[in-house]
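Biologist: I'd like to learn how to read a fold, one feature at a time. Please put it on the screen.

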Amino acid sequence: MTQEPVMPVAEVWFARRDAVVTMTLKMDGAIVLESTSQESIAREMRQRGARHLSIENMYSVTLPATEAALIAADDYAFSESMAALKLIAACAVSEPVPVFAFPERRRRKALADKQGPDGA
């Protein structure tokens with residue numbers, strides 16, 4: 001008897017600190033990332049191969065998310081509804097996963113190198 005491979009499940013929880021919504025991403029019971037960016041959470045889930053997303057133990061969606069999943073999620077009373085809906089929308093985008101850890105930093109350096117030392 002062969003055992004089915006376990007599909008990674010991502011859990012997201014919201015917290016409001018100093019008027020800023022922070023998301024906590026958990027996988028396999030361990031905190032993987034805390035961020036204010038839905039795109040960062042979605043990218044981390046893609047990099048780790050998550051196939052399901054559970055939001056605050058009340059809504060679950062198979063990844064990548066669809067427009068129908070986004071519409072259905074609007075019926076749930078998340079603690080931070082806008083952040084939850086933006087996260088689901090970010091999970092609908094299926095872009096290639098970058099091979100480097102911090103693409104934003106690489107882009108800034110590449111632009112600086114392209115502009116030269118005087119910024120022109």
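Biologist: Let's start with the sheet. Which residue in β4 stands opposite Ala 10?

Modeller: Two ground rules come before the answer. This is a predicted model, with residues numbered from 1 along each chain as its sequence is written; local features need pLDDT of at least 70 and side-chain atom pairs count only at pLDDT 80 or more, while totals for chains, interfaces and linings use all residues. Side-chain values use heavy atoms, with hydrogens and water left out. Now the terms: helices (H or I, at least four residues) and strands (E, at least two) are DSSP runs, numbered from the N terminus. Two strands pair if DSSP finds at least two bridges between them. Your answer is Leu 53: it stands opposite Ala 10.

Biologist: In what sense do β1 and β4 run, and how many bridges join them?

Modeller: They run parallel, joined by 4 bridges. β4 also pairs with β5, in the antiparallel sense and again over 4 bridges. There, Leu 53 stands opposite Val 61.

Biologist: Is Glu 56 buried or exposed?

Modeller: Buried means under 20% relative accessible area, exposed over 50%, and partly exposed in between (1.4 Å probe, protein chains only). Glu 56 counts as buried because its relative accessibility is 11%. Compare Asp 28, in the loop between β2 and β3 (30–35). Asp 28 has a positive phi too, about 55 degrees, although it is not a glycine. But Asp 28 counts as exposed, because its relative accessibility is 79%.

Biologist: Which peptide bond is cis?

Modeller: The one from Leu 63 to Pro 64, with omega near -5 degrees. Pro 64 sits in the loop between β5 and α2.

Biologist: Now the whole chain. How many helices and strands are there?

Modeller: 4 helices and 5 strands. From the N terminus on, the order is β-β-β-α-β-β-α-α-α. Of the 120 residues, 32% are buried.

Biologist: Which residues have the most contacts inside the largest nonpolar core?

Modeller: General idea: in soluble globular proteins, nonpolar side chains tend to be buried together. A nonpolar core is a set of buried Ala, Val, Leu, Ile, Met, Phe, Trp, Tyr and Cys residues joined through side-chain atoms within 4.5 Å. Here the largest has 27 residues, and Met 45, Leu 53 and Ile 55 have the most contacts inside it. Elements giving two or more residues to this core include β1 (9–17), β4 (52–55) and α3 (81–92). α3 gives the most, with 7 residues.

Biologist: Which residues does Ile 55 touch, not counting residues up to four places away in sequence?

Modeller: Contact means heavy atoms within 4.5 Å. With that rule, Ile 55 touches Val 12, Phe 14, Phe 78, Ala 84, Leu 87 and Ile 88.

Biologist: Which residues of α3 are buried?

Modeller: Think helix geometry. An α-helix has 3.6 residues a turn, so residues three or four places apart point the same way. In α3 the buried residues are Ala 83, Ala 84, Leu 85, Leu 87, Ile 88, Ala 90 and Cys 91. Their cover includes β1, β2, α1, β4, β5 and α2.

Biologist: What about α1? Is Gln 38 buried or exposed?

Modeller: Gln 38 is in helix α1 (residues 38–47). It is buried, because its relative accessible area is 12%. Leaving aside neighbours within four places in sequence, Gln 38 is in contact with Met 23, Ala 83, Lys 86, Leu 87 and Ala 90.

Biologist: Back to Val 61. Which residues does it touch, not counting those up to four places away in sequence?

Modeller: Arg 51, His 52, Leu 53 and Ala 69. Val 61 is in strand β5. It is buried, because its relative accessible area is 7%.

Biologist: Last one. Which residues do ring pairs link into a cluster?

Modeller: Rings of Phe, Tyr and Trp (its six-membered ring) pair if their centres lie within 6.5 Å; planes under 30 degrees apart count as stacked, over 60 as edge-to-face and the rest as tilted. The structure holds 3 such aromatic pairs. The cluster links Tyr 59, Tyr 76 and Phe 78.
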